[in-house]
Amino acid sequence: MLYRRVLIFGVFLAVSTSLATARDLALVSNKANTFSTITLPDLVKVCKGQTNRWPDGKPVTFVMRSPSAPEMKLLLEKVYGLSEAQVKELIVAANHGRANHPAILVVDSDEDLLNKVASILGAVGVVDVYSINSSVNPIKVAGKLPLEPGYLLHGN
């Protein structure tokens, strides 16, 4: 009987911990960007540094937290489909030869991410949905805004 209680408590604790770390993320853009929606295939290309310019000609910069940050697990699984180590290699490869305008910027915090996206024309980034402020615009992914049912970057 004691074994069963310990096992049930362990399962409950594991599920609670995984739900607590699952975050709702949002794609945000620089306010000067002219688009308000992006398809999943286009988002994957942006995140992998495979898109150099937006349709309006602005250079593309993708800003993200470190792939090793727990809150980025959702992005790695749903958008990249790669391991943390593979994403780190991809970032190095995408930025090779682009010292003046990197394809992918890695920042330390959501605040840094919002500041970078707000200050770089053509920038987009993935941030905790509850960190969004008026300096950026949320972007629809596959026709859905953050917190709408079916949004790709919904964590729970």
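Q: Before we start, what counts as buried here?
A: Buried means under 20% relative accessible area. Keep in mind that this is a predicted model.

Q: Fine. Which residues of α2 are buried?
A: Helix α2 covers residues 40–47, and Leu-43, Val-44, Val-46 and Cys-47 are buried there.

Q: Where do those buried residues sit around the axis of α2?
A: They fall within an arc of 160° when α2 is seen down its axis, so they line one face of the helix.

Q: And what follows α2?
A: Gly-49 does, with a positive phi near 75°.

Q: On to the sheet. What is the strand order?
A: β4-β3-β5-β1-β6. The sheet is open, has 5 strands, and its pairing is mixed.

Q: Which strands are at the edges?
A: β4 (104–107) and β6 (136–138), each of which pairs on one side only.

Q: How much twist from one strand to the next?
A: The average is 30°.

Q: Take me through the pairings. How do β3 and β4 run?
A: Parallel, with 4 bridges joining β3 (residues 61–65) to β4. Arg-65 stands opposite Val-107 of β4.

Q: Parallel or antiparallel for β3 and β5?
A: Parallel, over 3 bridges. Thr-61 has Ala-123 as its bridge partner in β5.

Q: And what about β1 and β5?
A: Those two are antiparallel, over 5 bridges. Leu-25 stands opposite Asp-128 in β5.

Q: How many residues of β5 are buried?
A: 6 of the 6, so β5 is largely enclosed by the rest of the structure.

Q: What does Asp-128 do in that strand?
A: Asp-128 is placed in β5, and its relative accessibility is 12%, so it counts as buried. A polar atom of its side chain lies 2.8 Å from the backbone nitrogen of Tyr-130. Leaving out residues up to four places away in sequence, Asp-128 touches Arg-23, Asp-24, Leu-25 and Asp-110.

Q: Now the helices. Which strands does α4 lie across?
A: β3 and β4. Helix α4 (residues 84–95) runs at about 130° to β4.

Q: Next, the cores. Which residues touch the most other members of the largest nonpolar core?
A: Leu-27, Phe-62, Met-64, Leu-75, Tyr-80, Ile-104 and Leu-153. That core has 34 residues.

Q: Which elements each supply at least two residues of this core?
A: β1, α2, β3, α3, α4 and β5.

Q: Which of them gives the most?
A: α3, with 5 residues.

Q: What does Leu-75 touch?
A: Leu-25, Phe-62, Met-64, Tyr-80, Val-126 and Leu-153, not counting residues up to four places away in sequence.

Q: What other core lies apart from the largest one?
A: One of 10 residues. Leu-113, Leu-114, Val-117 and Val-127 are among them.

Q: Back to Met-64. Buried or exposed?
A: Buried, since its relative accessibility is 0%. Met-64 is in strand β3.

Q: What is Met-64 in contact with?
A: Leaving aside neighbours within four places in sequence, the list is Met-72, Leu-75, Tyr-80, Val-87, Ile-91, Ile-104, Leu-105, Val-106, Val-107 and Leu-113.

Q: Last one: Asn-30. Which strand is it in?
A: Strand β1. Asn-30 counts as buried, at 5% relative accessibility.

Q: What does the side chain of Asn-30 reach?
A: The backbone oxygen of Ile-120, at 3.1 Å.

Q: Which residues does Asn-30 touch?
A: Val-117, Ala-118, Ser-119, Ile-120, Leu-121, Gly-122, Ala-123 and Asn-137, again not counting residues up to four places away in sequence.

Terms used. Residues are numbered from 1 along each chain as its sequence is written. This is a predicted model: local features need pLDDT of at least 70, side-chain atom pairs count only at pLDDT 80 or more; totals for chains, interfaces and linings use all residues. Side-chain values use heavy atoms; hydrogens and water are left out. Buried means under 20% relative accessible area, exposed over 50%, partly exposed in between (1.4 Å probe, protein chains only). The arc is that of the directions from the helix axis to the C-beta atoms. Two strands pair if DSSP finds at least two bridges between them. Axes are lines fitted to C-alpha atoms, for helices over the stretch in contact, and angles run from 0 to 180 degrees between N-to-C directions. Contact means heavy atoms within 4.5 Å. A nonpolar core is a set of buried Ala, Val, Leu, Ile, Met, Phe, Trp, Tyr and Cys residues joined through side-chain atoms within 4.5 Å. A polar contact is a pair of N or O atoms within 3.5 Å; within protein, one must be able to donate a hydrogen and the other to accept it, and residues adjacent in sequence count only if both atoms are side-chain atoms.
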